[in-house]
Amino acid sequence: MDKLPLLTIITFAPILGMIAISLIPKEKKNAIRWSALLATLPSLLGAVKIFMDFDRTTKAMQFIEGPLNWIPSFNIQYHLGIDGISVTMVILTALISTICIIASWNIEKQLKGYFILFLLLETGMMGTFVAIDFFLFFIFWELMLLPMYFLIGIWGGPRREYAAIKFFLYTMAGSVLILLVMLALYFYSDGHTFNMIALQDQSLHQGPLSSHTFRMALWWGLFIGFAIKVPVFPFHTWLPDAHVEAPTAISVILAGVLLKMGTYGFLRFNYQILPDITVDMIQVIAVLGVINIIYGALCAMAQTDFKKLIAYSSVSHMGFVLLGMASFTSEGLNGAVLQMFNHGTITAQLFLIVGIIYDRAHHRDINGFGGLATTMPRYAVWTTLAFFAAIGLPGLSGFISEVLIFLGSFKTWPWLTTIAVSSVVLTAGYMLWTLQRVYLGKTQEKYKDFPDITRREAFCLLPLAVIVIILGVWPRPILSMMEVSLNALNQSLVPYGAHVASGLGF
Amino acid sequence: MTPQLGQYFPLLIIMLMALVFSGLFIFLAFAFGPKNPDPNKLDVYECGVPATGDARHRFSVKFFIVAMIFLLFDVEVVFLFPWAILLKSFKSQGMGWEIFWPMAVFLGMLAVGLFYEWKRGALDWEK
Amino acid sequence: MKPDALPLIHTFWPLLLIGVGAFASLITSVWGSVRSFRVTGLLAFGIFLGAAYGFATLDPVAHSLAGGILRADGLGYFLSFLICLIGAVTVVFSFNYWENLSEPVQEVLPLILFAALGMVLMVLTTHLLTLVLALELMSLSLYVLVGSRRADPKSSEAAIKYFLLGSVAAAFLLFGISFLYGATGQMDLSLMGQQALSPDKALLFQVGVLLLLIGFAFKVAAVPFHFWAPDVYEGSPAPVTGFMAAGVKVAAFGAWLRLLHVLVSWEFLELRTLLVILSLLTMFVGNLAALRQRSLKRIMAYSSVAHAGYLLLGLATLVEGAVFLEAGMGVILFYLGTYGLLTLGVFAMLTLFSSKGKEISKLDDLKGLGYTNPVFAAALTVFLISLAGIPPTAGFVAKYFLFARAIETGLIWPAILGILTSAVSLYYYLGPVVQMYFHDPVGEKSMPAATLGMKVLVSFLVLGAFYLGLFPGKYLTWSNGIRLEASRSTPILSGMPQTRP
C-alpha cells in the first residue's frame, strides 16, 4: 500500500479528468458530465482509503511522498503528506467535490469549460491541504484563484463581474502577504527551506527571525492573508457578494472547502511556525472570533436574500472555529477542527437547499416564499434537518463541535464565551424565522405546482445528511483522526506560556 | 573646476567673444545704418531673374530619393580612396588579401543595395 | 593589424549567418510577389533557427576579437540565442499578418533580419562604438518597421515619434560615450575596467555614466523616459510590436549588464540606489498608468514599462559596492526569456486578431471572444495571467526568483513594493479576460484563419508558459551558469549543470 502514491493520485486525478474532458466535443454534454464525475471518483475512493488506513495514534505526517527536488536552486521540493490537522479536510474536499459535480448536472451554459475549471479547482484545493512544502502550498493556493474567478464570473448571477473581481482582488491581496512571509521565512531561517515541518523547528529561526518585532510582522502577514480567506471580520465583505453571485455548486465549494483553508492556514503556519507570537496574540484571535460569531449572526438576521443569509451564517460559524482555536485547550482545538468539518457538511446542505428553490422560483427573496412545506413536503424535511444541524440541535453534528468549543473556551475566556454562547439564540432565531417564512404559512398561488425535490437533488443531500446524523451521535471516527495531532499541537504551545487544560470529554 | 574642464576655458572665452562681437556688429548696423525700404530690396533674390511662384512648394519625392542615393554612393566611394592608396604598401608586406577581402565584402554590400534600388524602381524617373 | 578570420568564423558564424541572410533576404524579397514573400520568410526563419542553434552550441571562450569589437562569452551567446528565437517567432507572425494581403510589404522580413543583426551585435560587443553602431542598426530598422502600415496615419505617427525620441536617446548615448572616452582614453569596456581612474577625472566619468544610463533608459522605456512607448506600441503592426517589446529589451538589458559589469568597479555614484529609484519609478508609473487603458496594445506598452522596472530591480541586485555579483545574472536572464515568451504570446494573439492590415486591439472588440473563439481566448488568458505572475505559469516563477533575489541581497522594501505593484497589475491584465469571458459577443466576429505555423507556434508558447512555470529548475540552473568570464561558462546546450552546490 505504501508504494501507491495515494496523495498524488487524489490531487492530480481531477487534472487527468480535465484533460480528458477537453478532448470531448462540447455537444456531448452527458459524456462531459459523466467524465467529470468519474474524474472525482479516484479522489473520493482515495479519501475513503485514507479514512480507513489513517494511523490514529501518531501526530506525524503520514502517506508521505517525496521529498523530490523540484527547483533545486531554491531548495523547493515536491513533498506531500497529511496529519491529523489536514486529513479531515482532505476527506471533506473529496466528498464535497463529488457532490458538487452531481449538483452541477443541470448547468447548460458552456458546460465543458465549467467542468474543466471545476476539476482544476479541485486539484488546487486538494493540493493546498496535502502540501508540506510551503512553496508547493502557495502554488496550489494560487491555483484555486483563477478557476474560482471564472466560475463566479461566467456562470454567476447578474453582478457576477463585480463579485468575481472583488473575490479575486481580496484573495490576491492576502496571497501577496503570504508570499512575502514565505520569502522571509526562507531567507532568514537557518538552512533555507520551504519545508513546513522543518520550519517548525524553532532553533532554525536565526538572525532577524529571532527578533520579536520581525516575527510579529510575519505573524500578522500570515494572519491577514489567511483571515481574508476565512473570512475574519473586517475582511469578510467579499464573501456575501461572491456567494450571492456564484452558482449553487460553487457556493457549496466556497463555503464547504475554501473557507476552511484560512483556518487551516492559521493552525499550520501561525500556530506551528510562529507559536510564541500566537500565544501573545491569542486575545486578538479570540475577540475577532466572537465578533465574527455575533456580527455574522446579526447580519444574517437582517437579510432577506436567502443565500446572503446562509453566507452570513457561515461568517458566524467560522467564528466558532476561531474561538475554539484561541482557547488553547484540547477540547477547544478539537472542537474547532471538528467544526471546520461539520460546517463544511452543513453549509453545503444549506447552499444546495437554496439552489434547489432558486432553480424553481428564480429568486431568493425570503419574504416572497411561504407555505412551501405543503407543496414540497420532502424538500421541507431535508431543509429542516439541515437547519437544525446549523442551529446546533443535540443529536446532530453541529452540536458536538459547538459544545466542544464552548467547553474549551470557557476555561480560557469565560466572558467572551458567555457572549458567544448567546449567539446560539440568534442562530436559532434567524434559522427558525427563515424556516417559518419560507416553508410555513399560506401557500402562494404561483408556487402551487412546484415539483418536489428530485432524486438527483436528494442524492446530493443524502450523504451529507447521513454524516451529520452519524457524527451527531458518534463523532469518534473523525475526532480520533485529529485528536493526537491537535493535542500535540496544544502541548507544543505550553513552553510559550499557553495555559493548557488536558483531557477530552469523549 | 577640475583641471580637464579648465583646459577648455579658452574655448569658452572664444565662444563668448564671437557671440559678443557678432552681436555687437549686427546691433551697430541696425542702429546706425540708413534705412530705405523698397519692394525690390525685400524681394527674393535669385540671380537677378524675377522670382516666380512660392518657395514653399511641394517637390516630387523622387528628388529626395535621387539625393539619398547620390549621398550614399558618394560617401561610400570616399572609403575607396585611402584603401586604393594603401593597397600597394600592404601588398608589398604580403597582406594584400587581408586588405582586399574586407573591401570586396563592402563593395558586395553596395552591389546588393544597388540591385535592390534598381529592382524597386528607385532609379527609374518615370515608372 | 592582422584580421584573424578563422576565429571570427569559428566563434561568430551565427552572427555572420544573420548578416549574410539579411542581404540575401533583401534580394529574394525584391520581387514583391506573394511567392517571393514566402521564399524570403522561409529563408529568414531558417536563418534564425540556424543562428539560434549556433549560439546554443558554441563554446563561450570569453575571447575578444579586434579590440573588443566582438566578444564571445556566455552572456552574449545566451542573449543572442534568445534574440534569434524571438526573430524566428516574429517571422511566423509576419507570415500570418502580411501574407494574406494582396501586396505584402516586402521590406518587412529583411528589416527584421537587420534589426536582429543589430540586437545580436549589441550583446556581442564590449566596444562602445560598435555598441552605438549596433544600436543604430537595430533602431533604424525598427523605425521603418514601425511605420510599415503605410495606410494608417497612426503608424506614421508612431514611426516619427519613435525616430525622434530614439535619436535623442542615441545622442545621449554618444555624448556619454565621449565623456567616458575623455575620462579613460578607452573605447573598449573590458580595457576600461582594467584601468585605474585618476580622481580628477571622476566627474567626467560620472557624467558619462549618467548619460549612458539615460540613453538606455530611453530604449527600455524606463520612467521618466517612457513617453514614446504607448503611442509607438499602438501604432506599429502587431508582429513588429512584439518583436520590439521582446527583442529590444533583451538587447538593451544585455548591453546594460555589460556596462554595469565594468562600471561598478569604480565605487562612486550610488549606482545601486540610482537603479532602485529608477526601477521603483518605472514599476509604479507603468502599472498605474496601465490601469486606465482601454486598448490591449497600450496595456502591453505600459506592461512593458512595468516589466522594465522589475528588470531594473534585478540589475540593482547585481551591484554591491564595487562588486558585480555575476551569479545573480541568472534570474535576470530567466526573467528576460520568460518576458519575451509571454509578450510574444500576447502579440501572437493580437496578430491573429488583425485582418487585412486592420488591427483589433480595443478591449471592447474582444467581447465574447471566449465563446466565438475559445482556443485563442484561452491562450491569450494564459499569457496575460502569466504576465501578471499567477502560478503555475512561467511569469510567476520569473517574478518570484527576481524578488527572492532582491530580498536576498537586502533590497527588501523595493521587493515588497514590487510585489505590491505586481498585485495591482493583475487588475489590468484581467481586463481583456473579463471582456472575453464575462460579456456576450457583439456583432459578427470573423476571425481570419491562422496559418499552420501560427497554430503550432501558439501551442509551443502556451506549453512553454506552463513548462517553465512547473519545471523551471533546469532552466534556472542553466541561466545561473551563464558568465561573462570563460572559466565558468559552458555552451548552452551541452552539459547543463544539474544542481547548484
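# A chat about chains A, B and C

Mentor: Let's begin with helix 13 of chain C: 25 of its 25 residues are buried, so this helix is largely enclosed by the rest of the structure. Keep in mind that we are looking at a predicted model.

Trainee: Okay! How many residues does helix 13 of chain C have, and what span does it reach?

Mentor: Helix 13 of chain C runs over residues 329-353, which is 25 residues. From its first C-alpha to its last it reaches 36 Å, close to the 36 Å expected at 1.5 Å a residue.

Trainee: Switching to the chains. Which pair has the most contacts?

Mentor: Chains A and C do, among the 2 pairs of chains that touch.

Trainee: And what about chain A and chain B, how far apart are their closest C-alpha atoms?

Mentor: Those lie 46 Å apart, and no contact joins chain A and chain B.

Trainee: Back to A and C, then. How many residues are in contact?

Mentor: On one side there are 23 residues of chain A, and they are in contact with 24 residues of chain C. On the chain A side, the elements giving two or more residues are strand 1 (62-71), helix 5 (134-155) and helix 6.

Trainee: Which element of chain A gives the largest share?

Mentor: Helix 6 of chain A, with 10 residues.

Trainee: How do the residues on that side divide into nonpolar, polar and charged?

Mentor: The side of chain A that touches chain C has 18 nonpolar, 2 polar and 3 charged residues.

Trainee: Can we zoom in on helix 6? I clicked on Ala164(A). Where does that residue lie?

Mentor: Ala164(A) is in helix 6 of chain A, which covers residues 160-188.

Trainee: Buried or exposed?

Mentor: Ala164(A) counts as buried, because it has 26 C-beta neighbours inside 10 Å; the cut-off for buried is 20 or more.

Trainee: What is Ala164(A) in contact with, leaving aside its neighbours within four places in sequence?

Mentor: Tyr149(A), Ile152(A), Gly153(A) and Gly156(A). Gly221(A) is another residue to look up: it is 57 residues from Ala164(A) along the chain, and their C-alpha atoms are separated by 24 Å.

Trainee: Now for Leu49(C). Where is that residue found?

Mentor: Leu49(C) is found in helix 2 of chain C, residues 34-57. With 15 other C-beta atoms within 10 Å, Leu49(C) is partly exposed.

Trainee: New topic: helix pairs. At what angle do helix 12 and helix 18 of chain A cross?

Mentor: Helix 12 (residues 282-302) and helix 18 (residues 414-439) of chain A cross at roughly 20°, and their axes come within 9 Å. That makes the two helices roughly parallel, because angles under 35 degrees count that way.

Trainee: Left-handed or right-handed?

Mentor: The crossing of helix 12 and helix 18 of chain A is left-handed. Among the residues making the contact are Val290(A) and Ile294(A) of helix 12, along with Leu416(A) and Tyr430(A) of helix 18. The contact has 14 nonpolar, 3 polar and no charged residues.

Trainee: What about helix 15 and helix 18 of chain C, how do those cross?

Mentor: Helix 15 (residues 374-388) and helix 18 (residues 452-470) of chain C cross at roughly 40°, with axes that come within 10 Å. This crossing is left-handed. Helix 15 of chain C brings Ala379(C), Val382(C), Phe383(C) and Ser386(C), while helix 18 of chain C brings Val458(C), Val462(C) and Ala465(C). Those residues divide into 6 nonpolar, 1 polar and no charged.

Terms used: Residues are numbered from 1 along each chain as its sequence is written. Chains are lettered from A and ligands numbered from 1 in the order in which they are written. This is a predicted model: local features need pLDDT of at least 70, side-chain atom pairs count only at pLDDT 80 or more; totals for chains, interfaces and linings use all residues. Axes are lines fitted to C-alpha atoms, for helices over the stretch in contact, and angles run from 0 to 180 degrees between N-to-C directions. Helices (H or I, at least four residues) and strands (E, at least two) are DSSP runs, numbered from the N terminus. Angles under 35 degrees count as roughly parallel, over 145 as roughly antiparallel, 65 to 115 as roughly perpendicular and the rest as oblique. A crossing is left-handed if the near helix is turned anticlockwise from the far one by less than a right angle, and right-handed if clockwise. Two residues are in contact if their C-beta atoms, placed from the backbone, lie within 7 Å. Ala, Val, Leu, Ile, Met, Phe, Trp, Tyr, Cys and Pro count as nonpolar, Asp, Glu, Lys and Arg as charged, and the others, Gly among them, as polar. The expected span of a helix is 1.5 Å times one less than its number of residues. A residue is buried if 20 or more other C-beta atoms lie within 10 Å of its own, exposed if 12 or fewer, and partly exposed in between; C-beta atoms are placed from the backbone.
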